[in-house]
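Please look over the sequence and the structure shown below before reading on.

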Amino acid sequence: MIMGWGYEGRTVDELVDACQTWGANLVVDVRLNPVSRRAGFSKRQLASRLEEAGITYQHSKSLGNPRDNRAGFADTLGEEGARARQRFSEEVLETEEATAALDDILRASHDGAVVLLCFEASERHCHRQCVRDALSAREALLARTS
């Protein structure tokens, strides 16, 4: 199982609680740059807190959304949003690095739930949904070829 979780308006303890509820042993941070002004959500602090709870932290820069492409994700139904999602798919998800990261996440999900982490509370406004969609498509493709 692969879940998405946005930390907007939330705390690290809430993330830990969600991971424990879902039985997740891995959090994959899909932010391009894992820094935050929100307490506890910068890479080192977050990794340390998750490790205390027995949860592995992994930053996957190759799945991050370029800064200049983020605003488009606020538009869930219009052209700007469609362009942002298409750009993310073409420029990020179709790279070798992203494909390898997706495969790593799929392998990890066979050992337990995985949580994809980013800022936006709503996945509809975040590239995290595109990553989850790509994971589903990749899993279906791998199932057909094996």
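## Sheet, aromatic cluster and cysteines

Strand S1 and strand S4 (residues 113–118) run parallel and are joined by five bridges. The model described here is predicted. Within this pairing, Gly 4 has Leu 116 as its bridge partner in S4, while Met 3 stands opposite Val 115 and Trp 5 stands opposite Leu 117. On its other flank S4 is joined to S2, again by five bridges and again in parallel, and here Val 27 is the residue that stands opposite Val 115.

Taken as a whole, the sheet is open and consists of four strands in the order S1-S4-S2-S3, with parallel pairing. S1 and strand S3 (56–59) stand at its edges, and because each has a single partner strand, one side of each is left without a neighbour in the sheet. Neighbouring strands are turned against each other by 25° on average, when direction is ignored.

H1 lies across S1, S2 and S4 and runs at about 165° to S1. H4 packs on the sheet as well, touching S1, S2 and S4, and its direction makes about 140° with that of S4.

Leu 102 belongs to helix H4 (residues 96–109), and it counts as buried because its relative accessibility is 3%. Leaving aside residues up to four places away in sequence, Leu 102 touches Leu 63, Val 131, Ala 134 and Leu 135. Leu 102 and Ser 60 are 42 residues apart in sequence, yet their C-alpha atoms are 9.4 Å apart in space.

The aromatic residues come next. The count of aromatic pairs comes to four. One of them joins Trp 5 and Phe 41, a stacked pair whose rings are 6.4 Å apart centre to centre, with 25° between the planes. This pair links distant parts of the chain, for Trp 5 is in strand S1 and Phe 41 is in the loop between strand S2 (24–29) and helix H2 (43–52), 36 residues apart. Trp 5 counts as buried, its relative accessibility being 4%, and Phe 41 counts as buried at 0%.

The rings of Tyr 7 and Phe 41 have their centres 4.2 Å apart and their planes at 10°, so this pair too is stacked. Here again distant parts of the chain are linked, with Tyr 7 in the loop between S1 and helix H1 (12–22) and Phe 41 in the loop between S2 and H2, 34 residues apart. Tyr 7 is buried, with a relative accessible area of 3%. Trp 5, Tyr 7, Phe 41 and Phe 119 form one aromatic cluster.

The cysteines remain to be considered. How many disulfides does the model contain? The count comes to zero. Cys 118 is in no disulfide either, since the nearest cysteine sulfur, that of Cys 126, is 3.7 Å away, whereas the cut-off requires the sulfur atoms to lie within 2.5 Å.

| Residue | Relative accessibility | Class |
|---|---|---|
| Cys 19 | 0% | buried |
| Cys 118 | 8% | buried |
| Trp 5 | 4% | buried |
| Phe 41 | 0% | buried |
| Leu 102 | 3% | buried |

Terms used. Residues numbered from 1 in each chain as written. Predicted model: local features only at pLDDT ≥ 70, side-chain atom pairs only at ≥ 80, totals over all residues. Heavy atoms only, no water. Pairing = 2+ DSSP bridges. Helix = DSSP H or I, 4+ residues; strand = E, 2+ residues; numbered from the N terminus. Buried < 20%, exposed > 50% of the residue type's maximum accessible area, 1.4 Å probe, protein only. Phe/Tyr/Trp six-rings, centres within 6.5 Å; stacked < 30°, edge-to-face > 60°. Contact = heavy atoms within 4.5 Å. Axes fitted to C-alpha atoms, helices over the stretch in contact; angles between N-to-C directions.
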